[in-house]
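Colleague: I am new to this structure. Please take me on a close look at the salt bridges, and then at one residue away from them.

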Amino acid sequence: MSARASRDSAADIATVVTSQKVREGRTDEYRRWQDGANQAAREFEGFVDAEVYSPGVGEENEWVAVFRFSGMDCLTAWLESGRRRELLDEARGLFEGPPTQEVLQGGSPARPATDVVTAVISHEVRPGQEQQFLRWQEKTLLAQEKAPGFMGSELFKPVEGVQEHWVVVFRFDSREHLDDWLHSEVRTKLLAEGSKYFTSYDVRKVGSAFSGWFQFDRRGGAPPNWKQAMSVVLALYPTVMVLNLTVGVGLEKLTIREYIGLFLSNVLSVSALTWLLMPLVNKALAFWLVPSRATGRKEQVLGVGLVLLGYLVSIVVFGLITHQIW
């Protein structure tokens, strides 16, 4: 297995992204094997989570597995373990060729939003051309930001003494938009220019199946946890109150059992947050939530003030409504 590693010492989370082309007709065997590998990884210290992404429609049978650990030492212990070597030996006949992997340290732990597709591109940079490569990447990012559906990009530097590859991870809101960018005339010209700085590059796509409530900043990063919590409460409280006063009352009249009613309310509230309210909150408070925009004290104070005002208005409004009802 070829290993490609990148590192950003600013964060502790270590991630390995493994791409493997499964032989035709052996998908079910691969699924069972991957489930076993995921379970084995969970038993190792520092395990955070694991995700498996199936190929997109019309694409080759290339599967991507992502493992996250709480630190590079923990991830390395898993990658170099005897248990993992045994698993790789068991799966030798499942793949058309050797799997490839990128090991990344750092980056934002936030999940991308619904239908986001991620491209992982590793570059073998020419010796002595690192600064020129970085400037070219910055130029590429500026062009990407104008592309429809672009959501964010992160650059991972090589790990000294481990691997020399540089890895870029960028996200689009759909596979169509990603493919449009990858095959665009703008990117073709940029690649021709960048070929002076790297000898080869490798592209793989990872589709995300999980819907998050916060989008990546275009230059990487997500809102701090305390801002995320405040924003979710801002949308969650009125959602729960409205559902209690409408759906909850209706379910009570229908004598629906409480545990079933609670489940239905949770489904409705999470759906409303994910597809309606949180996108609106993200847009309205972008000046405060997006790390690259919330750089001054004025933005920080204004954002907190608006959220607290939203809390107060919600409490007053629902206080008056419930007082009139009951």
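Modeller: Start in helix H6, residues 185–194, where Lys189 and Glu185 sit 4 residues apart, so about one helical turn separates them. The model is a predicted one: local features need pLDDT of at least 70, side-chain atom pairs count only at pLDDT 80 or more, and totals for chains, interfaces and linings use all residues. Residues are numbered from 1 along each chain as its sequence is written, and side-chain values use heavy atoms, with hydrogens and water left out. Helices (H or I, at least four residues) and strands (E, at least two) are DSSP runs, numbered from the N terminus.

Lys189 and Glu185 form a salt bridge, with their closest N and O atoms 3.4 Å apart. The term means a side-chain nitrogen of Lys or Arg within 4 Å of a carboxyl oxygen of Asp or Glu. Both Lys189 and Glu185 are exposed. For accessibility, buried means under 20% relative accessible area, exposed means over 50%, and partly exposed lies in between (1.4 Å probe, protein chains only).

Elsewhere, salt bridges with shared partners join Asp49, Glu51 and Arg68 into one network. The whole structure holds 8 salt bridges.

Next, the strands. Glu154 and Arg171 meet through their side chains in a salt bridge, 2.5 Å from N to O. Glu154 belongs to strand S7 (residues 150–158) and Arg171 to strand S8 (residues 166–172), so this pair ties together parts 17 residues apart in sequence.

Glu29 is partly exposed, at 33% relative accessibility. Arg26 is partly exposed too, at 27%.

Now the residue away from these pairs. Trp78 lies in helix H2, residues 72–79. Trp78 is buried, with a relative accessible area of 2%. Contact here means heavy atoms within 4.5 Å. Setting aside neighbours within four places in sequence, Trp78 is in contact with Ala37, Ala40, Ala41, Phe44, Phe67, Phe69, Arg84 and Leu87. Take Phe67 from that list. Trp78 and Phe67 are 11 residues apart in sequence, and their C-alpha atoms are 9.8 Å apart in space.
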